[in-house]
Amino acid sequence: MSIEVRNIDKRFGDFIALDDVSLTIPSGQLTALLGPSGGGKSTLLRIIAGLESADTGTIQIEGRDATDLPPQKRNVGFVFQHYAAFKHLTVARNVAFGLEIRKRPKPEIRAKVVELLELVHLDQFADRLPSQLSGGQRQRMALARALAIEPTVLLLDEPFGALDAKVRKELRDWLRRLHDEVHVTTVFVTHDQEEALEVADEIVVINEGRIEQVGSPDELYDQPANDFVMSFLGPVTRLDGNLVRPHDLFLATSDPGDASAVGTVTRLVRVGFEVRVELDVAGQSVQAVVTRAEARNLDLREGGTLWIRPVAGAVIVEATERLAVGDLDGIDGDGADAVPVGR
Amino acid sequence: MTAVDVAAPARTARRRRSGRANGLTATSGLGLGVSVIWFSLLVLIPLSAVLVKTSEGGWSGFWTTISNEQTAAALRLTVGQALLVTVVNVFMGTLIAWVLVRDEFFGKRALEVVIDIPFALPTIVAGLVLLSLYGANSPVGVNVANTRTSVFVAFLFVTLPFVVRTVQPVLAELDADVEEAAASLGASRFTIFRRIILPALVPAISAGAALSFARAISEYGSLVLLSGNLPLRTEVTSVRMLSYIENGDLASASAVATILLLVALVVIVALDVIQRRVSRRG
């Protein structure tokens, strides 16, 4: 096992950043630490890198105890949200930095830099300064720089957080392909569940300094351990004291016999191919999402009456008190920016 | 993301900029005009006047003045001590700035304020302070009155804030994650300082050094009491110039001023060259 985190505690003054966290991160995989801001995921990443020290607990990297090692000795590649480019050095010299520190022979450094710049598609920019690159290019340079030292593990702290939506999506696909090529154990921190679901082999959901669930994207989405994980991974709505996904609701204009509830349509919003339906069920707001064709068949109108039940195989999780009702209210967006608890 | 789509806008931008240089907008034209007039009134015209005054004596007059034994000694003393003080300031100023930015300690705020005092004080007050502290009746038992050391000490006192104040804001603005990135790439703390922090600080250090040197070669008030102004030994150029003026020899005073002007120019240009070299090297 590549990274073993054992019983890590970390406080900043009165604030508990990490509360007895234990985690095993497998070798050669792409793992996402997913959770809301301030949940402790970045702190955990920084502790693995040695940039922060844990109050108690141990860290092992590839079987070697790294708890008391300084960052210089851990052989980890670290990529920061804001690139952390060495502004006075060219792209090539940024990438060469780690190798120059290691006093590798010059021809070897040159060859390695060329190889890495090709890998991150920056070979034409070798002699530019970081200020002459776009954000996405700077982040690819930072990645090449981190990979140059052939790190045991590659750690990325919100690597695409400072980029605009389009570039973020491009880089996300590119990171996945890069990982398939390079196979270095990679951990990245994100608060964007779409990013985690799309890119990661394994997702660790962290909230309020604790691990909520560890699993593959499918496991997390289909078998969320609790209401937090479920609500964090996509839009949810509350029905009969349970959480269910809006697209997992079956709507009918006449009583199908097994309906969980009956409600009145209060609002209809069409967004592209889907129609979002807001219902009033005994004074409670319930959201459902149907396709355009279904909406036409049901002849949906505001003020109309609908019978509702979850579809067969729908993910249903009991809503607990810690999930504030306000977090679920309103017709949610495309799911990419569902507001999680604690934000 | 190819070379083309990045290089192309850069090229057009450059063309656009050079196109505009021929026709300034009304506001920027006005701004430039005011700046040039202001600069001319305060700097260019007085400096030209000094040069004109110097030329009145002709080459031979100029040469006679600066080859005068007493004047040459004053120039050597002033420039020599100013260079020495500037070197000391480069190290001490950077160190003090580092302590003020990176460390938390009791009395930090007080120190921040005290740093500026040598700069804010009227120089003759500084001279008085130095005389009573390091003069003949020194309470600490250090008597440097009428020695070259007194010139050095006075220069040190008045130029202390320059490097500190230019380096401090730049150091405070440096991103912590850049240093962390260097650390995770294996760089030791010393290497991080030398290869990452120092190149970022060099322009500020150089600017502070230039200010500190310029202030030192022009210093008068803070040393005039303590140094004793002994000809050939502790007399500095500003004192020498004053005695020329008092004797009605304005041409000689201007000649010395011209030399100081040239020295200042050479040092400032040299610092700029060094600064460019070092901040590129990394």
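Hello everyone, and a quick word on conventions. Residues are numbered from 1 along each chain as its sequence is written, while chains are lettered from A and ligands numbered from 1 in the order in which they are written. Because the model is predicted, local features need pLDDT of at least 70 and side-chain atom pairs count only at pLDDT 80 or more, whereas totals for chains, interfaces and linings use all residues; side-chain values use heavy atoms, with hydrogens and water left out.

Let's start where the two chains meet. How many residues of chain B are in contact with chain A? There are 27, and they touch 31 residues of chain A, contact being heavy atoms within 4.5 Å. Between them the chains bury about 2400 Å², with 59% of that on carbon and sulfur atoms. Buried area here is the accessible area, taken with a 1.4 Å probe, that two parts lose on being put together, summed over both.

Between chain B and chain A there are 3 salt bridges, a salt bridge being a side-chain nitrogen of Lys or Arg within 4 Å of a carboxyl oxygen of Asp or Glu. Glu100(A) with Arg195(B) is a salt bridge whose closest N and O atoms are 2.9 Å apart.

Which helices of chain B each supply at least two residues of the side that touches chain A? They are H1 (3–22), H9 (176–184), H10 (189–217) and H13 (250–281). H9(B) gives the most, with 7 residues. Helices (H or I, at least four residues) and strands (E, at least two) are DSSP runs, numbered from the N terminus. By type, this side of chain B divides into 13 nonpolar, 7 polar and 7 charged residues. In that sorting Ala, Val, Leu, Ile, Met, Phe, Trp, Tyr, Cys and Pro are nonpolar, Asp, Glu, Lys and Arg are charged, and the others, Gly among them, are polar.

Now to the inside. The largest nonpolar core has 52 residues, and those with the most contacts inside it include Val5(A), Phe86(A) and Leu155(A). H10(B) brings the largest share of this core, 6 residues. Such a core is a set of buried Ala, Val, Leu, Ile, Met, Phe, Trp, Tyr and Cys residues joined through side-chain atoms within 4.5 Å. Buried means under 20% relative accessible area, exposed over 50%, and partly exposed in between (1.4 Å probe, protein chains only). Leaving aside neighbours within four places in sequence, Leu155(A) is in contact with residues including Leu45(A), Ile48(A), Phe78(A) and Val187(A). A second, separate core of 48 residues includes Ala32(A), Val91(A), Phe125(A) and Phe232(A).

Back to charges: over all chains there are 29 salt bridges. Arg93(A) is partly exposed at 30% relative accessible area, and Glu100(A) is partly exposed at 26%.

Arg172(A) and Glu194(A) form another salt bridge, at 3.5 Å between the closest N and O atoms. Arg172(A) lies in helix H5 (165–182) of chain A and Glu194(A) in helix H6 (193–199) of chain A, so the pair ties together parts that are 22 residues apart in sequence. Is Arg172(A) buried or exposed? Arg172(A) is buried, at 3% relative accessibility, whereas Glu194(A) is partly exposed at 29%.

Asp258(A) and Arg309(A) also form a salt bridge, at 3.1 Å between the closest N and O atoms. This pair links distant parts of the chain, 51 residues apart.

Finally, Thr78(B). This residue is found in helix H4 (69–102) of chain B, and at 0% relative accessibility Thr78(B) is buried. What does its side chain reach at 3.0 Å? The backbone nitrogen of Thr237(B). Thr237(B) belongs to helix H12 (237–246) of chain B, where the buried residues include Thr237(B), Val239(B) and Tyr244(B). After H12(B) comes Gly248(B), with a positive phi near 80 degrees.

Technical notes
Polar contact = N/O pair within 3.5 Å; in protein donor to acceptor, adjacent residues only side chain to side chain.
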